[in-house]
Amino acid sequence: ASRPESRLKPPTQFRAAGYSKSDDIVSEEEKLKNELCSRTIELNVNRDLVVELRKKLVDAQSNLSSEREELARKNEETRGDVEDVDKFKLDMISLKDSHKRAEEESTKMKDELKNLQDEITEK
């Protein structure tokens, strides 16, 4: 597992010792550098997208919360309206009952008045 001493030397020492990099190695290094740059850019773009999506999520959650509050408020208003309608219906039923009793009372009084008139006429 021992390596030749030349493999441990930094690139500058390679050149100083008269070694030069082959075109294949330079080409491969350029490819790798370009890919690294490309991936770094993608990573930064993705980070920006994540930040933007998080902001949108926070906004959406805020909007949803506001909409829930609005729906709860409208629900309470509607509940009040339904209670008002129910009260109105009960009032109308009560009014109809009162009207019916008044008509019955009026008919009864008319009958009594007629009976009295008949009694007066007979006398």
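Student: Is Ile41 buried or exposed?
Tutor: Ile41 is exposed, because its relative accessible area is 55% and the cut-offs are under 20% for buried, over 50% for exposed and in between for partly exposed (1.4 Å probe, protein chains only). This is a predicted model, where local features need pLDDT of at least 70, side-chain atom pairs count only at pLDDT 80 or more, and totals for chains, interfaces and linings use all residues. Residues are numbered from 1 along each chain as its sequence is written, and side-chain values use heavy atoms, with hydrogens and water left out.

Student: Where does Ile41 sit?
Tutor: Ile41 is in helix H3, which covers residues 23–122. Helices are DSSP runs of H or I with at least four residues, strands are E runs of at least two, and both are numbered from the N terminus.

Student: Which residues form the nonpolar patch with it?
Tutor: Ile41, Val45, Leu49 and Leu53 form that surface patch, with about 370 Å² of accessible area together. Areas come from the Shrake-Rupley method with a 1.4 Å probe, and for residues only the protein chains shown count as cover. Patch members have over 30% relative accessible area and no salt bridge; nonpolar side chains (Val, Leu, Ile, Met, Phe, Trp, Tyr) are joined within 5 Å, like charges within 9 Å.

Student: What share of the protein is buried?
Tutor: Buried residues make up 0% of the 123 residues.

Student: Okay, helices. How many?
Tutor: The protein has three helices and zero strands.

Student: What about Glu70 and Lys74, how far apart are they in the helix?
Tutor: Glu70 and Lys74 are four residues apart in helix H3, about one turn. Their side chains meet in a salt bridge at 4.0 Å, N to O. Glu70, Arg73, Lys74 and Glu77 are linked in a network of salt bridges.
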